[in-house]
Each structure stands twice: as structure tokens, then as C-alpha cells.
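Hi,

Here is the structure I promised to hand over. My notes on what turned up in it follow just below.

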Amino acid sequence: MDLAFTAEQEELIRTLRAFARKELAPRSAHWDRTGEFPWDAWRLMGELGLLGLRVPAAHGGQEADYLTFGIAMEEIARGDFACTYGIQLAGLAGEILGRNGGEEVKARWLPPTARGEAVVALALTEPGVGSDAGNLACRAERDGDGYVITGEKSGISLGMAAQAAIVFALTEARPARARGVSAFLVPLDLPGVARSPLRDLGTRAVGRAVLAFDGVRVPGSHRLGAEGSGFQQVMQGFDYNRIGIALACLGVAQVSLEETMAYVKERRAFGRAIAQFQGVSFPIAEAQTHVDACRWLCYRALWLADRGERHTKESAMTKWWAPRLAVDTIHQCLLLHGHYGYTDELPFEQRMRDVIGLEIGDGTAEVMKMVVARELMGRESLPY
Ligand SMILES: Cc1cc2nc3c(=O)[nH]c(=O)nc-3n(C[C@H](O)[C@H](O)[C@H](O)COP(=O)(O)OP(=O)(O)OC[C@H]3O[C@@H](n4cnc5c(N)ncnc54)[C@H](O)[C@@H]3O)c2cc1C
């Protein structure tokens, strides 16, 4: 058993922490207020290799291990949470396109994604279907050598900035649930595509959108993998991605705790530093205990993933626990800053708003607990 990071991983942590502090943190509030998409930060992340972590080397990526992906999510989140969506979505695009895309599609989309010059969104959720993602209504009907896609996708991260999306649609007339779902790479400048923005509580720079497809024709070469394999493709990616999301949430919680520890040693009340009151120090001690425990669960899950072992249960555990824990921790940090904590001059209110989104996105806590229960007790624990 060895719970230490390697010297190389420690160096990566130092580099990314410095980058997040210098390049991202000072601009995070601006991106939140304006909702501006941070293309220049994307390019900088591309230069650092963060957007090609799961992209094949032949297409300009790093083919990094899952642990590196987790470190990147945790460290970048310390500077700006919205930017971690870049790492996770470029990672999912790299993984799904890399494994299932034809050569033409991979050559067109993967290198610019890895460089931070293109954004590929992932469009699964629909207005009528989220948690029950195997029950889609969007259809892709065969038309000569291509397909015609009709339907609507809702809540799609980076949907306003993306040039393309991986769209999941039914290719069977009477599908046996998820087995009828296929994946397509759809350039968003094709005729018949429309998009409209959602006004979110947090991570406003992410620009979530509703994407509408009205008879959008894509060539057969844009289908990813075999017909009917779409659901499996996205679920494989979710297993490791959820751990990255958990680490991003913990990164925000950790930086908030560090800032709060510094503050309570300086701030005085009743003639002494407030750190000397156990009503102040004990919540910090408790929060740090929970964050440490959850963080090591995440790294163990990534270690399992890198060994090629099943990690579905651990992944779902981290995904319900970490966002909730981060919200609670940041809330506590906000309160310990007194009335200053409640203002937008300090980052806590934004961080809380940002992290809440991932209590829902990529699977709610309830759905994650269903997965944990299924892994523990078998399908007899499922409601269907
Ligand atoms: C910040 C953010 C980013 C997102 N990014 C993307 C993206 O990039 N691409 C994409 O495709 N989607 C994205 N989504 C959508 C997201 O995946 C869905 O919102 C999520 O899966 C939940 O689906 P829903 O919103 O339809 O809620 P519903 O499925 O309608 O659920 C509503 C409530 O019912 C509960 N519920 C449902 N079924 C059960 C059950 N069996 N047992 C107990 N409780 C249950 C849920 O937990 C939830 O509390 C994003 C969402 C957010 C908030």
C-alpha cells in the first residue's frame, strides 16, 4: 500500500495550483458576472495539456491516466469551477470520439479540442428525460447513407460556446430502452440546429443551453460506434468523470477551508483571535476531516480505474457525497467570514452557487445512491 503521490504528480499539483491562482482565480468573478465564455483560459488550459488528457496521442492528446485527470480537476477548481467543465467535457469527447469515432471525425475534432480552440458538448438530457436517461425521445432516422436527427436536448453544458455536440438519439423504432440509443457527432452549424441559453444559478461562464434539432442531416460517418452502443459509451465515461467532478468540488471546498483558516487566525472578537473559540475551530476540524476522507475515496476510485478494475460503486459514492460536502463546507466558510462572507467581494457565495450545479449535473444524489445500492445489493434494489 502506498498512499503518496509520485514526485511527478507532486510537481503537476504545484504547477496547476500556481496556474489556477495566477490565471483563473483573479478572473473567476468577472466570468460569473458577465457569463462570458473564457476562450483565452481554454487556450491556456490547452497549452498545459489539460484539455487533451483523455484524447489519443495520435490526435494531439496526452492519453494521461485517470489519476492525472483527477489531479487536474481538483487543482483547476481551486481557481475557477467553470473551467473544470472544460477538462471534463474535453475528456469525455476525447474518450468517446477516440474509442468510437471514424478517422475523419477524430482528425477534425480532437486536435482543436485538445488545444482549447474547439468545444464539443455532450447532449444526452432532454426536456422530458434526465435521470431516466435510457428513455430518450430524440430520434435519428436513416436517410440514404446518413441520418436525420430530430428532437431537443436540454441543460447542455458549454452548449452556447460549442461548435459540435455528441448527441444521443434513438435509431430503433421500438427500442428496448437504452439498447436503442446511438451516438452522433453533430456540428452545430448544420441547418436545422437552434440553441438558446439557460440562466443558471452558478457556473455562468459554462453557458448551458437547450439544443434543438429539426431534421438535421448528418453523414453516416458521424455515427460513433455501432448502432445501439450510445448509452454504453456515455456510461463508461461517466464512471471516471464523476470522480473528477467530485474532486473538483473538493478542490473548491479545500481552498475555501484554507482561506478560512488564515482568516480566523487574524480576525479578532472578544479580545482574541476567533480561531481560539471552539465554536469556530471545531467546524473547521470536522470539515477538513470529511474533505480528507472523501478525497481519498476519490483517489482510490481513480486508482481502481487506472488498474482497469470496476469502480462504478466508488465513483457513484464520490459523486453524491463530494458536491453535498463541498456545499456544506463552503457554507460554513462563508459564515465564518461574518457579514463579509455574504458579499460578492469574497468568493464564497459564488463558489456555493457553482458547486450546487453538480449536485444535479451528471446524475443526482438519488440516482447515485441507486447505483451504489445496485452495486451492493444487485438489481433487486432497483425500482424497475
Ligand atoms: C450544472 C449542470 C450541468 C449539466 N450538464 C449537462 C450536460 O452537459 N449534458 C447533458 O446531457 N445533461 C446535463 N445536465 C443535465 C443533468 O444530467 C440532469 O439534470 C440530471 O441527470 C437530472 O435530470 P433532470 O434534471 O431531468 O431531473 P429528473 O430526472 O426529472 O429528477 C428530478 C428529481 O427527481 C429525483 N428522482 C428521479 N428519479 C428518481 C428515483 N428513481 N429515485 C429517487 N429520486 C429520483 C431526482 O434525483 C431529482 O431530485 C446538467 C445539469 C446541470 C444542473
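This is a predicted model: local features need pLDDT of at least 70, side-chain atom pairs count only at pLDDT 80 or more; totals for chains, interfaces and linings use all residues.

**The ligand and its shell**

The shell around the ligand is made up of seven nonpolar, eight polar and three charged residues.

Residues are numbered from 1 along each chain as its sequence is written, and side-chain values use heavy atoms, with hydrogens and water left out.

The ligand is surrounded by 18 residues, the closest being Thr-125, Ser-131, Ser-157, Thr-364 and Glu-366; a residue is near the ligand if one of its heavy atoms lies within 4 Å of it. From the side chain of Ser-157, an N or O atom is 2.7 Å from a nitrogen of the ligand. Taken alone, the ligand exposes 970 Å², and the protein buries 63% of that (Shrake-Rupley areas with a 1.4 Å probe; for residues, only the protein chains shown count as cover). Strand 1 (120-123), strand 3 (146-156), helix 10 (348-360) and helix 11 (365-377) each give two or more residues to the shell. Helices (H or I, at least four residues) and strands (E, at least two) are DSSP runs, numbered from the N terminus.

**Aromatic rings**

The structure holds ten aromatic pairs, where rings of Phe, Tyr and Trp (its six-membered ring) pair if their centres lie within 6.5 Å; planes under 30 degrees apart count as stacked, over 60 as edge-to-face and the rest as tilted. Phe-69 and Tyr-240 form an edge-to-face pair, because their ring centres are 5.0 Å apart and their planes stand at 75 degrees. This pair links distant parts of the chain, with Phe-69 in helix 3 (residues 66-77) and Tyr-240 in helix 6 (residues 230-266), 171 residues apart. Phe-69 is buried at 0% relative accessible area, and Tyr-240 is buried at 1% (buried is under 20%, exposed over 50%, partly exposed in between; 1.4 Å probe, protein chains only).

Tyr-240 also has the charged end of Arg-54 over its ring, 5.7 Å from the centre. Likewise, the charged end of Lys-369 sits over the ring of Trp-320, 4.4 Å from its centre. The test here is NZ of Lys or CZ of Arg within 6 Å of the ring centre and within 35 degrees of the ring normal. Elsewhere, ring pairs join Phe-5, Trp-296 and Tyr-299 into a cluster.

Arg-353, in helix 10, is buried at 14% relative accessibility. Its side chain makes polar contacts with the side chains of Asp-32 (2.8 Å) and Glu-349 (3.0 Å). A polar contact is a pair of N or O atoms within 3.5 Å; within protein, one must be able to donate a hydrogen and the other to accept it, and residues adjacent in sequence count only if both atoms are side-chain atoms.

Thr-203 is not a glycine, yet has a positive phi of about 35 degrees. Asp-362, in the loop between helix 10 and helix 11, has a positive phi near 70 degrees.

Best wishes

Definitions and conventions. Ala, Val, Leu, Ile, Met, Phe, Trp, Tyr, Cys and Pro count as nonpolar, Asp, Glu, Lys and Arg as charged, and the others, Gly among them, as polar.
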